[in-house]
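Below is a short note for a colleague coming to this structure for the first time. Please read the points with the model open.

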Amino acid sequence: MLSLCAIGGAAVFIFLKLPKSKANLTENLAEKTANEFVNVRDIRGNLLYTLDGIALCFLKVSPISIDLYSKHEKLTLMRTLTAEVSSVQHDFQFLAVSRPIDISPLLMELTSLLETADLKQKELLKQEIAEMNAYAISGEIVERQFYIILWDRLDDDGQRELLNRAKQFAQNFIDCGVECELLPQQEIVRLCNLVNNPAYTHLEDSDTEPAIPIIENKGA
């Protein structure tokens, strides 16, 4: 009987405490800012600062098409890239994301060509415009974007060393004929929007002024 009473008392205690804990959790979540939610304290210059004392910078690697490369050219490029990247002795992260493409300039150009007197050419242009419109409606037109993320501790020496490593890393790709650039503040903001919001388009003019967005509580 004593054991049953103890178990029953524990169950009642947990039941009474559970709603209060859930309410506190909901209240704390409602007060959490978007910066705290994604672990971003600030973005300045070429660096993103996290809440846990880390500075990050981002390199954008331009994609290349090797479809027209010969087998020897592909092998040479592979060996060159391997030799350049193997000299990197620090940690880094490779990130590949899909990004929507705005095809309105292409559609405008195709529409302007419809004034041709060649009936066959006009018919082909109409078919191409219809095909592009179908792609635009389906949302299947995306391009792959490639980034490299580097990070270091948050102090003056760490930040300088981080930027030096990033510039050298970018130069390694440039020496191989692959375009690579260190992202500025505006592009870092766009990358964060792209990763956290799949519907974000790269033509959107983001407002990077300091703000404190709040995650609203919509109820359980």
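1. Helix α6 holds both F169 and F173, which sit four residues apart, about one turn of the helix. The model is a predicted one. The ring centres of F169 and F173 are 5.6 Å apart and the planes are at 15 degrees, under the 30-degree limit, so the pair is stacked.

2. F169 also pairs with F92: the centres lie 5.1 Å apart with the planes at 85 degrees, which is over 60 and therefore edge-to-face. This pair links distant parts of the chain, since F92 is in the loop between α3 and β4 (93-100) and F169 is in helix α6, 77 residues away.

3. F92, F169 and F173 make up one aromatic cluster. A search of the whole structure gives three aromatic pairs.

4. F92 is partly exposed, with a relative accessible area of 34%.

5. The second largest pocket has a volume of about 150 Å³. Its lining includes F92, F169 and F173, and also V61, S62, P63, I64, L81, V85, F94, I148 and V178. Helices α3 (71-86) and α6 (156-175) are the elements that give two or more residues to this lining.

6. By class, the lining of the second largest pocket consists of 11 nonpolar residues and one polar residue, with no charged residues.

How values were computed: Residues numbered from 1 in each chain as written. Predicted model: local features only at pLDDT ≥ 70, side-chain atom pairs only at ≥ 80, totals over all residues. Heavy atoms only, no water. 1 Å grid on protein atoms, 1.4 Å probe; cavity = no way out; pocket = protein on both sides within 12 Å on 5 of 7 lines; lining within 4 Å. Points joined across faces, edges and corners; volume = space filled by probe spheres on them. Nonpolar A, V, L, I, M, F, W, Y, C, P; charged D, E, K, R; others polar. Phe/Tyr/Trp six-rings, centres within 6.5 Å; stacked < 30°, edge-to-face > 60°. Buried < 20%, exposed > 50% of the residue type's maximum accessible area, 1.4 Å probe, protein only.
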